[in-house]
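This report walks through one protein model. Sequence and coordinates come first, then the commentary.

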Amino acid sequence: MTNWTKKRERKNEVKARAAEPSHMFTRCRVVGCDKPARAGTGDGLDTYFCRKHSDHYSRHGSPYKGSYTAKEIAPHRKAAVAWLEVNEGDLWVRNAVERVEGLYRAAGPHVEAFRLRGLSPEERARAAWARLRKAKVDPRRVVAAWLAVELVIRADPQAEMKIEFKQVQAAKLVHKLASGTHKRWGEGPGATELHVYPRSRGRVLWHLGMALQEATELLLDHHDLLSILSATPDPQ
């Protein structure tokens, strides 16, 4: 049996299961939501959340907390980059940067954004690291993304503390650094352009976030966030 055949059979199996509602899952787990979980409607396999909160979870890493805005992240990101530059000779900073470089090297060949269809979330995440490598994005900017999320969560009086939220928030920043595929044919007014941006949601973000967390964990084990926070301007 070929891989394509296996994927098709698995897809048909999941589709059939999703189309058969289960009456065991009659209520979304988000407090105040009176809609049934998707598994109870024939609209999916999610046994915890309704369609609205399931989609929100996929995009933001939390069923109810939204992503931080660029304005909220910016001052923390700036402070993280400055701290990394000042401490670039530090053993644990070098370790984090080298681990990100390792993710670049292990990502495999570069894949154009319009060729991602059919790839698994893990393969799409590797493709994002390959795009970062091709674009020659400074690994310190990637490390800074995780530090910035750590800082903005610490400064948030109503922060979502689950690790999935942190992973997705950092992954969204990294995903934007990876950009997409941009091509141009011809010159002048008659030129044809192609701009394709990969979707930033779901399991792809979790794979990116988990890899980034592992790359930076020793750095945060050996440096208190307060040393970075003290250099962070008031986000207001």
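## Overall layout

In what order do the elements of the protein run from the N terminus on? The order is α-α-α-α-α-α-α-β-β-α-α. That gives 9 helices and 2 strands. Helices (H or I, at least four residues) and strands (E, at least two) are DSSP runs, numbered from the N terminus.

The model is predicted: local features need pLDDT of at least 70, side-chain atom pairs count only at pLDDT 80 or more, and totals for chains, interfaces and linings use all residues. Residues are numbered from 1 along each chain as its sequence is written, and side-chain values use heavy atoms, with hydrogens and water left out.

The protein has 236 residues, and 41% of them are buried. Buried means under 20% relative accessible area, exposed over 50%, and partly exposed in between (1.4 Å probe, protein chains only). Of the contacts between residues at least 6 apart in sequence, 62% join residues at least 24 apart. A contact means heavy atoms within 4.5 Å.

## Cys33 and its surroundings

Cys33 sits in the loop between helix H1 (3-18) and helix H2 (51-60). Its relative accessible area is 12%, so Cys33 is buried. Setting aside residues up to four places away in sequence, Cys33 touches Arg27, Cys28, Cys50 and His53. His53 is 20 residues from Cys33 along the chain, and their C-alpha atoms are separated by 9.1 Å.

## H2 against H7

H2 packs on helix H7 (residues 163-178) at an angle of about 60 degrees, with the axes 8 Å apart. Axes are lines fitted to C-alpha atoms, for helices over the stretch in contact, and angles run from 0 to 180 degrees between N-to-C directions. H2 is therefore oblique to H7. Angles under 35 degrees count as roughly parallel, over 145 as roughly antiparallel, 65 to 115 as roughly perpendicular, and the rest as oblique.

H2 contributes Tyr57, Arg59 and His60 to the contact, and H7 contributes Glu164, Phe165, Val168, Gln169 and Lys172. These residues divide into 3 nonpolar, 2 polar and 3 charged. Here Ala, Val, Leu, Ile, Met, Phe, Trp, Tyr, Cys and Pro count as nonpolar, Asp, Glu, Lys and Arg as charged, and the others, Gly among them, as polar.

## H6 against H8

What angle do H6 and helix H8 (residues 203-222) make where they pack? The angle is about 80 degrees, and the axes are 10 Å apart. H6 is therefore roughly perpendicular to H8. From H6 come Val142, Val143, Trp146, Leu147 and Glu150; from H8 come Gly209, Leu212, Gln213, Thr216, Leu219 and Leu220.

Thr216 belongs to helix H8. Thr216 counts as buried because its relative accessibility is 0%. Beyond its neighbours within four places in sequence, Thr216 is in contact with Ala96, Val143 and Trp146. A polar atom of the Thr216 side chain also lies 3.0 Å from the backbone oxygen of Leu212.

## Salt bridges

Side chains of opposite charge can pair when their charged atoms come close. The whole structure holds 5 salt bridges. A salt bridge is a side-chain nitrogen of Lys or Arg within 4 Å of a carboxyl oxygen of Asp or Glu.

Arg140 is partly exposed at 25% relative accessibility. Glu88 is also partly exposed, at 47%.

Arg126 and Glu122 form another salt bridge, 3.9 Å from N to O. Both lie in helix H5 (residues 121-134), 4 residues apart, about one turn of the helix. Arg126 is partly exposed at 35%, and Glu122 is partly exposed at 44%.

Are Glu150 and Lys166 buried or exposed? Glu150 is buried at 13%, and Lys166 is buried at 16%. Their side chains meet in a salt bridge of 3.2 Å, N to O. Glu150 lies in helix H6 and Lys166 in helix H7, so the pair ties together parts 16 residues apart in sequence. Elsewhere, salt bridges that share partners join Glu88, Asp138 and Arg140 into one network.

How values were computed
Polar contact = N/O pair within 3.5 Å; in protein donor to acceptor, adjacent residues only side chain to side chain.
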